[in-house]
Amino acid sequence: MKTSSTNESDTNNTAPTTYYQFLEISVRELLIEKGVLSAEDIRNAVKEMDSRGPELGAQVVARAWVDPQFKQSLLQDAPSAVKTLGLDIGPVQLLVVENTPEVHNLIVCTLCSCYPRSLLGLPPDWYKSREYRSRAVREPRSVLLEFGTDISDEVEVRVHDSTADLRYLVLPQRPAGTGHLTEDELAALVKRDSMIGVTEVCFSAI
Amino acid sequence: MGGLEAGHVKPTEHDYEFWEKNVDAMLVLLTSKSPKLMSVDQLRKGIESLPPDAYEKMSYYERWIFSITQALQYNGVLTTEELSRKLEEVQSRYETEEV
């Protein structure tokens, strides 16, 4: 009997080869057979995951740059504020921290890999690496330099350690010379790493 | 591991494979059902209990599926027998398909 693998989707074209890939299939099929989860639940959760990416965070940042009132509510109550943009971040608490000329913020999860997934998608590998998690809290300026970000000594660096219940998103500084850009053009400038805080947003007028 | 010595951060990333997304999806579902079938703390406990050399050798989602499997057995959602039977079946299924 062929049971309902979620694997038949065309998004999967590589046959499993490793023990852990076989283990994944086994656990999934057992959970489905036992009625604990349905194949559809899993498919939908993957679809939901695929629909989330840094462009959502960028949209939030761009709005905060052009709309001071939105920015204020974003910093006070991020879940409610992003809801007004039609974004739902689920039950997890989210705190948006603002970069200013005086303060640069950086986010990390020293325990595991907590990340503002609802607005940035799944985290990059380096965010989950031993190197980043160990050193971001101990020598954040050196870590920032490794990303090409040189934060002046006069600027305070604040590191935020995420948890399963509280995630952070950095609101980067709007770069100079962007006064004429539309909200969409601004959003296009905002990359994932700037919302983690390892880079700043750049703009060069051509 | 916050605060430990470690080397430079290598800016690595990869597109998540389908099986990795499935592992992630299962955890999301198992931890958000009411009542929960396992907790995020259990996931972490399982990962943190790995010996350092195993931890280093395994990829991120390999650690996750390992820990999820442990927790589901501990919580009585799956039995060890069911699991080993299924694992054997799945492995032989793909081996025959290969030929």
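Me: How many residues does the contact take from chain B, and how many from chain A?

Reply: The contact takes 55 residues from chain B and 57 residues from chain A. Contact means that heavy atoms lie within 4.5 Å. This is a predicted model, in which local features need pLDDT of at least 70, side-chain atom pairs count only at pLDDT 80 or more, and totals for chains, interfaces and linings use all residues. Residues are numbered from 1 along each chain as its sequence is written, chains are lettered from A and ligands numbered from 1 in the order in which they are written, and side-chain values use heavy atoms, with hydrogens and water left out.

Me: What area do chain B and chain A bury between them?

Reply: They bury about 5,200 Å², with 63% of it on carbon and sulfur atoms. Buried area is the accessible area (1.4 Å probe) that two parts lose on being put together, summed over both. On chain B, the trio B:Met1, B:Val9 and B:Phe18 supplies 14% of the area buried against chain A, more than any other three residues.

Me: Why is the meeting of B:Arg93 and A:Glu29 called a salt bridge?

Reply: A salt bridge needs a side-chain nitrogen of Lys or Arg within 4 Å of a carboxyl oxygen of Asp or Glu. The side chains of B:Arg93 and A:Glu29 meet at 2.8 Å, N to O. That is within 4 Å, so the pair qualifies. Between chain B and chain A the count is 11 salt bridges.

Me: Which helices of chain B supply residues to the side that touches chain A?

Reply: Helices H1 (18–32), H2 (40–48), H3 (52–57), H4 (60–74) and H5 (80–98) of chain B each supply at least two residues. H1(B) gives the most, with 11 residues. Helices (H or I, at least four residues) and strands (E, at least two) are DSSP runs, numbered from the N terminus.

Me: What makes up the side of chain B that touches chain A?

Reply: Its residues divide into 30 nonpolar, 9 polar and 16 charged. Ala, Val, Leu, Ile, Met, Phe, Trp, Tyr, Cys and Pro count as nonpolar, Asp, Glu, Lys and Arg as charged, and the others, Gly among them, as polar.

Me: How do you know whether chain B is compact or spread out?

Reply: Chain B has 5 helices and 0 strands. Its radius of gyration is 16 Å, well over the 13 Å that the globule rule gives for 99 residues, so chain B is more spread out than a compact globule. The radius is taken over C-alpha atoms, and the rule is 2.2 Å times the number of residues to the power 0.38.

Me: Where does B:Pro35 lie, and what kind of peptide bond joins B:Ser34 and B:Pro35?

Reply: B:Pro35 lies in the loop between H1 and H2 of chain B. The bond joining B:Ser34 and B:Pro35 is cis, with omega about -5°. Most peptide bonds are trans.

Me: How many helices and strands are there in chain A?

Reply: Chain A has 10 helices and 4 strands.
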